[in-house]
Amino acid sequence: MTQDMTGRTVVIIGGGSGIGLEVARRAVDRGADVVLGGRTEGKLAAAASELGDAASWHTVDTTDTSSIASFFAALDRVDHLFTPAASYQVGPMLELTDEAAASPFTSKFWGQYHAVRHAAPKLSGDGSVVLMAGAASVRPPAPAPAYVACNAAIEGLGRGLALELAPVRVNVVSPGTIDGNLWSQRPEQVREAAFAQYRRDTLLHRLGTEGEVADAVMFLFTNGFMTGSTLYPDGGYALR
Ligand SMILES: NC(=O)c1ccc[n+]([C@@H]2O[C@H](COP(=O)([O-])OP(=O)(O)OC[C@H]3O[C@@H](n4cnc5c(N)ncnc54)[C@H](OP(=O)(O)O)[C@@H]3O)[C@@H](O)[C@H]2O)c1
């Protein structure tokens with residue numbers, strides 16, 4: 001059964017593109033109001049214009065806590081929060097600078113931690129949070145130890161926050177490789193090599209879609225008995 005979300009406010013930091021925008025489309029289809037966050041005005045304005053009157057947006061940079069504080073100060077309430085916003089470098093320990101190696105933690109881990117911290121006073125008691133991790137947490141596709149550890153840490157953060165914020169529900173989505181906006185911006189040679197490896201290594205022999213991840217997020221938003229869990233929309237990648 002499709003759950004009606006009329007009257008609910010869904011906040012998506014990183015909602016101007018990719019998986020976040022797919023979640024926004026689904027939430028609006030179910031009657032919710034959505035608030036999009038991200039760093040680029042033009043991208044947010046275009047996404048909100050596609051979504052119609054139910055959508056609004058504010059710029060925010062999740063690596064800057066004062067920017068996150070201003071973002072949430074402008075909101076009256078938050079029923080559901082999804083935080084796929086992140087930008088970072090990935091690579092082997094012996095090749096990355098310390099700053100580059102720390103970037104997944106700076107942006108993806110602490111960015112989501114601070115977003116939830118500032119959202120918490122406005123979260124409805126029957127609301128929920130979905131954090132974004134990545135299935136590299138349990139099966140590294142290539143040497144990138146800090147990125148792998150960051151995703152595992154986010155899965156742990158979800159369990160820790162579920163305990164602290166109950167009855168607000170907190171879950172994590174940890175996708176495999178998705179043929180979408182993020183990878184479309186990476187160099188073609190890198191992308192095609194990663195895609196070929198993923199097709200070979202996952203049980204379903206294909207990449208995922210942004211919509212398939214968004215469906216998992218909507219499930220976590222709306223199933224009232226899901227908390228402290230991590231879902232892996234990954235075509236069985238983590239099993240092999
Ligand atoms: N796509 C995959 O294969 C895959 C697989 C596993 C996990 N993930 C995770 O999914 C997330 C990316 O989502 P996506 O694949 O849908 O890619 P995406 O389209 O690049 O979405 C990321 C969004 O976050 C925003 N953003 C980036 N850094 C930000 C910051 N510091 N503050 C605020 N907004 C920021 C970006 O917009 P601006 O640049 O305009 O701010 C963008 O709209 C990442 O955490 C990634 O690790 C993706």
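This report describes the sheet, the helix packing and the ligand shell of a predicted model.

## Basis of the description

The model is predicted: local features need pLDDT of at least 70, side-chain atom pairs count only at pLDDT 80 or more, and totals for chains, interfaces and linings use all residues. Residue numbers start from 1 along each chain as its sequence is written. Helices (H or I, at least four residues) and strands (E, at least two) are DSSP runs, numbered from the N terminus.

Seven strands form an open sheet in the order 3-2-1-4-5-6-7, with parallel pairing; two strands pair if DSSP finds at least two bridges between them. Strand 3 (55–59) and strand 7 (230–231) stand at the edges, each with a single partner strand, so one side of each has no neighbour in the sheet.

Strand 4 (residues 78–83) and strand 5 (residues 123–132) run parallel and are joined by five bridges. H80 stands opposite S128 in strand 5. Helix 2 (residues 41–51) lies across strand 2 (33–38) and strand 3, and runs at about 170° to strand 3. Axes are lines fitted to C-alpha atoms, for helices over the stretch in contact, and angles run from 0 to 180 degrees between N-to-C directions.

## Packing of helix 4

The axes of helix 4 (residues 98–119) and helix 5 (residues 145–165) come within 8 Å and cross at roughly 15°. These two helices are therefore roughly parallel to each other (angles under 35 degrees count as roughly parallel, over 145 as roughly antiparallel, 65 to 115 as roughly perpendicular and the rest as oblique). Residues of helix 4 including F105, F109 and V116 meet residues of helix 5 including C150, I154 and L157, where contact requires C-beta atoms, placed from the backbone, within 7 Å. By class, this contact has 14 nonpolar, one polar and one charged residues. Ala, Val, Leu, Ile, Met, Phe, Trp, Tyr, Cys and Pro count as nonpolar, Asp, Glu, Lys and Arg as charged, and the others, Gly among them, as polar.

Helix 3 (residues 65–73) packs with helix 4 at an angle of about 35°, with their axes 9 Å apart. T65, I68, A69 and F72 of helix 3 make the contact with H114, A115, H118 and A119 of helix 4. This contact has five nonpolar, three polar and no charged residues.

## The ligand shell

The ligand is surrounded by 31 residues, of which G14, G18, R39, T40 and A85 are the closest; a residue is near the ligand if its C-beta atom, placed from the backbone, lies within 6 Å of it. Helix 1 (18–29), helix 4 and helix 6 (181–184) are the elements that give two or more residues to this shell. By class, the shell has eleven nonpolar, 16 polar and four charged residues.

Terms used:
Two residues are in contact if their C-beta atoms, placed from the backbone, lie within 7 Å.
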